[in-house]
Amino acid sequence: MTISRRLQVRDYTIAQLLDEHTALTTDQLTAMLFAHRTTCRHRLHTLRTLGFIDRFVRHRPGGRYPVCWVAGFLSARYVALARGEAPPSARALRDRQDRAYTSPYLDHLLGVNDFFVSLLAHARRQPGPDLIRWWSERTTASAFGRRIHPDGHGIWTDGTTETGFFLELDRGTESLTRLVDKLAAYRRLRADGGPGYPVLFALPNQAREQHLHAKLADQLLAGLPVATCVTRPGVSPAGRVWWLAGNGPRRRSLAELATEDGPAGPLNPGPAMPDHHPLALMTGVPLLP
């Protein structure tokens, strides 16, 4: 009870984000929830001291990863109880933290989270646009009948348009043939009642993007929208960065890839609900310093 009096709505939001997305860096949390990085660092340190969240710093050849924040015992307990679930044991939570620390896919996870954080940061700077749903790979797979396993799913709104999408973040570690082969599952999902969301490939460089489009030109996409961009620091994926396969070289904004959710069903969770917003608890709460 003493600790709960020291917690803010923003702290509970951090708890939910860490539970859903495994690990977030200080810069990512700053971009979503704080006005200044120093304020963010101080608040995260306080929450760690309280035992609410935890962190790790993992080294690699030539340097180290940024500080990664993960769920702590109290934040994990809060999220579980809020969902009506049994809280994890201390051992189960430690195993979860250890898996995040040792994961060979940590770079990939942080890159995926960067993509969505960039959209939320864009929404903070520009009144109107917003990321109204952001689901992890785990939640997305469950919501769509485990037919697909994208790196994440989101719904972006910009005024009167909405764009639901599936993200495939490419770091150049898989063959282009493997990337194209992933589309078969999305086509089957759509044919069996899933939504017609575009599959977005975020690629590491322009040469790889051009080679992927050359391969896509030989594919029967069967009405499945596929678009690509090249990830660049400081460039928002909300902007005119998307090259839509089979529709010429003109770049489109994310909002120009507008889609329809379609009726909800076993393979379609339907449109975003208010509680799907990644910062739902912060609705109506002014930005804290």
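Let's start with a definition: a residue is buried when its relative accessible area is under 20%, exposed when it is over 50%, and partly exposed in between, using a 1.4 Å probe and protein chains only. You're looking at a predicted model, where local features need pLDDT of at least 70, side-chain atom pairs count only at pLDDT 80 or more, and totals for chains, interfaces and linings use all residues. Residues are numbered from 1 along each chain as its sequence is written, and side-chain values use heavy atoms, with hydrogens and water left out.

**Exercise 1. Work out whether V117 is buried or exposed, and find what V117 touches.**

Step 1: Helices here are DSSP runs of H or I with at least four residues, strands are runs of E with at least two, and both are numbered from the N terminus.

Step 2: Check the accessibility. V117 comes out at 5%, so V117 counts as buried.

Step 3: List the contacts, meaning heavy atoms within 4.5 Å. Skipping residues up to four places away in sequence, V117 touches Q28, A31, M32 and W134.

**Exercise 2. Turn to Q28: which helix holds Q28, and what is Q28 in contact with?**

Step 1: Q28 sits in helix α2, residues 26-33.

Step 2: With a relative accessible area of 2%, Q28 is buried.

Step 3: Leave out neighbours within four places in sequence, and the contacts of Q28 are A23, L110, N113, D114 and V117.

**Exercise 3. Find which backbone oxygens the side chain of N113 reaches.**

Step 1: N113 is part of helix α6, which covers residues 106-125.

Step 2: N113 has a relative accessible area of 2%, so N113 is buried.

Step 3: Look for polar contacts. These are pairs of N or O atoms within 3.5 Å; within protein, one atom must be able to donate a hydrogen and the other to accept it, and residues adjacent in sequence count only if both atoms are side-chain atoms. The N113 side chain gets to the backbone oxygen of A23 at 2.8 Å and to that of H21 at 3.3 Å.

Step 4: Not counting residues up to four places away in sequence, N113 touches H21, A23, L24, Q28 and W134.

**Exercise 4. Describe L120.**

Step 1: L120 is another residue found in helix α6, and at 3% relative accessible area L120 is buried.

Step 2: Beyond residues up to four places away in sequence, L120 touches M32, D130, L131, W134, H277, P278 and L279.

**Exercise 5. Say how α1 and α4 are arranged, and which residues make their contact.**

Step 1: Take the axes, which are lines fitted to C-alpha atoms, for helices over the stretch in contact; angles run from 0 to 180 degrees between N-to-C directions. The axes of α1 (residues 9-21) and α4 (residues 73-82) come within 9 Å and cross at roughly 85°.

Step 2: Name the arrangement. Angles under 35 degrees count as roughly parallel, over 145 as roughly antiparallel, 65 to 115 as roughly perpendicular and the rest as oblique. So α1 and α4 are roughly perpendicular to each other.

Step 3: Pick out the residues. From α1 come Y12, A15, Q16 and D19, and from α4 come S75, Y78 and V79.

**Exercise 6. Explain why the buried residues of α10 lie on the same side of the helix.**

Step 1: In α10 (residues 206-216), the buried residues are R208, E209, L212, H213 and L216.

Step 2: They cover an arc of only 140° around the axis, so they fall on the same side of α10. The arc is that of the directions from the helix axis to the C-beta atoms.

Step 3: Recall the helix rule. An α-helix has 3.6 residues a turn, so residues three or four places apart point the same way.

Step 4: See what covers these buried residues. The cover includes α8 (176-181), α9 (183-191) and β9 (199-203), along with β10 (226-230), β11 (242-244) and β12 (251-252).
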